[in-house]
Amino acid sequence: MKEGKPIEDVWIDDDILDIPIIMKNSKENVNYSTQKPEALLERIIKASSNEGDLVCDFFGGSGTTAAVAERLGRRWITGDIGKPAALVMRKRFIDQDVKPFLYQSIGDYQKEAFRNNRRFQRVGDLSQVVLGLYGALPFTPEQCNDRNFGYVKGTHTLVMVDSPNRLTTAATIRRAVEAKATLLGGGWQKVVVLGWNFAFDISQAIQQYKDAQVEVLVIPPDLLDKLSKKGYKKLVDDRSVRFSSLQYLVVEPLEVIRDGAYDELEVALFD
């Protein structure tokens, strides 16, 4: 700003770069379509709050409001109805090295997205689509009447797609292992479980069945949105759908070391 020039009512990227826009090579760019410049949020937050105040943004998007509030010494609460936005925000906060924060999933994004998608009347219809995007083939009704199961052609790999209406739990993993041993006479070398949302103790189940050749993968959180916008054939043709490994921590039992009036806790984390 030029010295003595008041801030105008409209904040734009003009000849004095009042609020510079976010370019592709901008350091703050997180590749989110509705991302706002940090300079814009910094001006708003400084003008409307003091250090230590609570700043709330319930259409969080890329998390710019919370990220700037943290940097300016404000407390913050942010949220978004879209799971992809929540994942982008969480990564942004971690990269910014913010103070410890609580991350909660309230409601079920995948369940609501499935319910509002008119293309899929039944969970089995969606499971068939997910199988195809993964590269698996469905069984015929004569082979298996459960439409959540399929197989990878030319291999001995069984594939199971879990429902968006529930969490993938230890019971899900156990069911997949049982199907691997019994479905069509068994003989499967491996079973892949594709899940939407996971129970908090899913890591224990994976460890419990690690010798049973079970692989657990995450269905992309924005898959239903992509299907609505691009359609199944386009997603198959451009092979843009990626099923990622489930990320989780394994915590070993705490070791307590007693030293006079104080107890020292040793925590071991893996993966």
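**Pocket**

I went to the second largest pocket to begin with and noted a volume of about 330 Å³. This is a predicted model, so I keep that in mind throughout.

I got seven charged residues, five nonpolar and three polar.

Which elements each supply at least two residues of this lining? I found α2 (64–71) and α3 (83–95). Of the lining, α3 gives the most, with five residues.

**Cores**

I moved on to the largest nonpolar core, which has 23 residues. I wrote down the ones with the most contacts inside this core: F149, L158, I173, V214 and V216. Then I checked where its residues come from: β5 (157–161), α6 (170–182), β7 (190–195), α7 (202–208) and β9 (214–218) are the elements giving two or more. With four residues, α6 gives the most to this core.

There is also a second, separate core, made of 20 residues. I jotted down V192, W196, L217 and F243 as included in this second core.

**F149**

Back to F149, one of the residues with the most contacts inside the largest core. What does F149 touch once neighbours within four places in sequence are left aside? I listed L131, P138, F139 and C144, then L158, V159 and M160, and finally R175, A179 and L183 as its contacts. One of these partners, L158, is itself among the residues with the most contacts inside the largest core.

Key
Residues are numbered from 1 along each chain as its sequence is written. This is a predicted model: local features need pLDDT of at least 70, side-chain atom pairs count only at pLDDT 80 or more; totals for chains, interfaces and linings use all residues. Side-chain values use heavy atoms; hydrogens and water are left out. On a 1 Å grid over the protein atoms alone, a cavity is a set of points where a 1.4 Å probe fits but cannot get out, and a pocket is an open set with protein on both sides within 12 Å along at least five of seven lines; lining residues have an atom within 4 Å of a point. Grid points are joined across faces, edges and corners, and a volume is the space filled by probe spheres set on the points. Ala, Val, Leu, Ile, Met, Phe, Trp, Tyr, Cys and Pro count as nonpolar, Asp, Glu, Lys and Arg as charged, and the others, Gly among them, as polar. A nonpolar core is a set of buried Ala, Val, Leu, Ile, Met, Phe, Trp, Tyr and Cys residues joined through side-chain atoms within 4.5 Å. Buried means under 20% relative accessible area, exposed over 50%, partly exposed in between (1.4 Å probe, protein chains only). Contact means heavy atoms within 4.5 Å.
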